[in-house]
Amino acid sequence: MAKAKKIGVVGATFLVAGNMMGSGVFLLPSSLAKIGTASIWGWLITTAGALLLAFVFAKLGKLAPKAGGPYAYARDWFGPYMGFQTNTIYWFANWIGNVAIPIAAVGYFSYFFPILSEPLPRCIAVLALVWALSFANVVGPSFVSKLQTVTTSFALVPILGIAIFGWFFFDPTIFKGAYNVSGESNFGAISSAAALTLWAFIGVESASVTAGVVENPEKNVARATLGGVFLAAIAYIASSSVIMGMVPNGDLQVSDAPFALAAANAVGGWGGALVSLCAFVGAAGSLGGWILLTAQSAKAASDDGLFPSIFSKTNKDDVPVKGVLIVAVLMTLAVLVTSTSKTASAQFDVITSAAVVLTLLPYIYSCVACYFVVERSHTLVHTGAFWLLTSVTVVYCLWAIFGSAGNIVQYAFLFVLFITVFYPFFSEERRRQRGQLPALDAAVRTTLS
């Protein structure tokens with residue numbers, strides 16, 4: 001039997017870049033407009049941080065591949081409680097962040113139906129998308145996979161189109177006139193921009209899942225991960241920069257469809273309509289995959305006994321239907337709580353800020369776990385160099401938290417403390433005493449020690 005054809009390093013690189021660019025960055029230019037063109041520095045710093053995170057996860061994927069991502073690394077290297085905490089935080093970050101995707105999609109569809117810019121109609125439309133894609137997941141992952149494969153190509157049209165052709169309509173005067181409109185110091189403005197722009201790279205840890213279908217994965221997974229982040233960063237920085245030089249800052253701040261507004265200003269209404277349609281289809285389609293990913297991450301922890309058992313129950317097609325529906329209900333609550341925001345971009349800001357802050361803690365744990373993994377497999381010189389690298393990455397993550405809205409960080413900290421009270425229900429020792437778990441095997445004992 002002939003071997004299945006695998007993806008080369010170039011194909012894998014574009015796969016990584018395409019996956020990140022299809023996950024709901026379409027409202028970021030409006031969010032960044034509230035800071036000004038100084039946000040470009042935030043993009044550059046975030047790119048450096050994302051490349052460091054990409055290297056960490058590529059290294060983990062090569063030396064210690066684990067199903068479950070950050071949750072698995074925290075569980076294996078810091079013990080069951082840290083695994084429980086990481087999974088809970090990561091799961092919350094995922095379903096909260098998922099809400100930003102249909103908000104962006106509806107924001108662009110408002111180009112055709114302006115009434116969707118109003119809070120109540122926008123809320124109804126967002127909820128319709130959430131439940132439509134949730135039921136698509138119930139149909140089966142193969143359907144969602146095919147849907148996302150088609151829609152991702154639509155998502156790339158507005159991002160790459162503006163990034164490449166928008167420069168023909170760029171006005172340096174508009175760009176220079178809004179350097180820092182945030183009212184903060186330059187350092188504070190850039191810190192805020194770095195926290196916002198990290199949203200565009202959330203999911204970088206999922207790139208290593210391509211290892212099984214990539215040629216020479218020991219080398220090419222790391223190359224594809226770093227290369228994919230780099231290509232996505234070029235597209236992000238180019239498109240954000242050019243939009244800020246195409247649309248006056250005041251208009252950009254209140255826009256629910258910044259890419260479409262830029263296209264309409266450049267070539268007329270047909271350009272805005274084309275970009276709006278592509279952004280809507282791309283964002284809406286990517287939502288299905290992210291809902292499935294969120295439900296599957298909960299299932300992985302549930303299978304380990306570190307999350308409620310309801311999340312591990314599947315149907316005949318191995319779909320965690322109850323987990324999908326629970327995610328849909330929670331997303332509905334998040335939409336309703338934030339639905340009073342005056343614009344889609346304001347609602348988007350609240351959602352993405354919360355998701356980024358919650359995601360950063362699992363990233364920090366993964367960085368520290370990576371150091372231990374490297375220590376076991378490299379020389380002392382390499383270990384020292386990697387300790388420096390992971391330390392810089394952790395400092396970057398802490399700085400991104402610093403740049404986030406103060407009330408979001410406060411609530412996130414309280415949430416991390418609050419979930420501690422639920423751990424006894426998932427404690428391995430407690431359940432072992434009740435005869436619900438066998439004793440830990442020697443390999444796991446050695447890992448945890």
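## Aspartate 349 in helix H15

Aspartate 349 sits in helix H15. The model is predicted. Aspartate 349 has a relative accessible area of 15%. Buried means under 20%, so aspartate 349 counts as buried. Leaving aside neighbours within four places in sequence, aspartate 349 is in contact with Ser31 and Lys34.

## The largest nonpolar core

The largest nonpolar core has 127 residues. Trp43, Phe201 and Tyr236 touch the most other members. Helix H15, residues 344-377, gives the most to this core: 16 residues.

Helix H17 runs over residues 406-418 and has 13 residues. At 1.5 Å a residue, helix H17 should span 18 Å. The end C-alpha atoms of H17 are 18 Å apart, which agrees.

The buried residues of H17 are Ile408, Ala412, Phe415 and Val416. They cover an arc of only 100° around the axis, so they lie on the same side of H17. An α-helix has 3.6 residues a turn, so residues three or four places apart point the same way. On the other side of H17, Gly406 and Phe413 are exposed. The buried residues of H17 pack against H15 and against helix H5, residues 80-109.

## Aromatic pairs

The whole structure holds 31 aromatic pairs. One of them joins phenylalanine 78 and phenylalanine 372. This pair is edge-to-face, at 6.5 Å centre to centre and 70° between the planes. Phenylalanine 78 lies in helix H4, residues 70-78, and phenylalanine 372 in helix H15. The pair therefore ties together parts that are 294 residues apart in sequence. Phenylalanine 78 is partly exposed, at 29% relative accessibility. Phenylalanine 372 is partly exposed too, with a relative accessible area of 31%.

Tryptophan 91 and tryptophan 95 form another edge-to-face pair, at 6.4 Å centre to centre and 65° between the planes. Tryptophan 91 and tryptophan 95 are four residues apart in helix H5, so about one helical turn separates them. Both tryptophan 91 and tryptophan 95 are buried.

## An aromatic cluster

Trp91 and Trp95 belong to one aromatic cluster with Phe92, Phe307, Phe311 and Phe415. Phe415 is also one of the buried residues of H17.

Notes: Residues numbered from 1 in each chain as written. Predicted model: local features only at pLDDT ≥ 70, side-chain atom pairs only at ≥ 80, totals over all residues. Heavy atoms only, no water. Core = buried A, V, L, I, M, F, W, Y, C linked by side-chain atoms within 4.5 Å. Buried < 20%, exposed > 50% of the residue type's maximum accessible area, 1.4 Å probe, protein only. Helix = DSSP H or I, 4+ residues; strand = E, 2+ residues; numbered from the N terminus. Expected span 1.5 Å × (residues − 1). Arc of directions from axis to C-beta. Contact = heavy atoms within 4.5 Å. Phe/Tyr/Trp six-rings, centres within 6.5 Å; stacked < 30°, edge-to-face > 60°.
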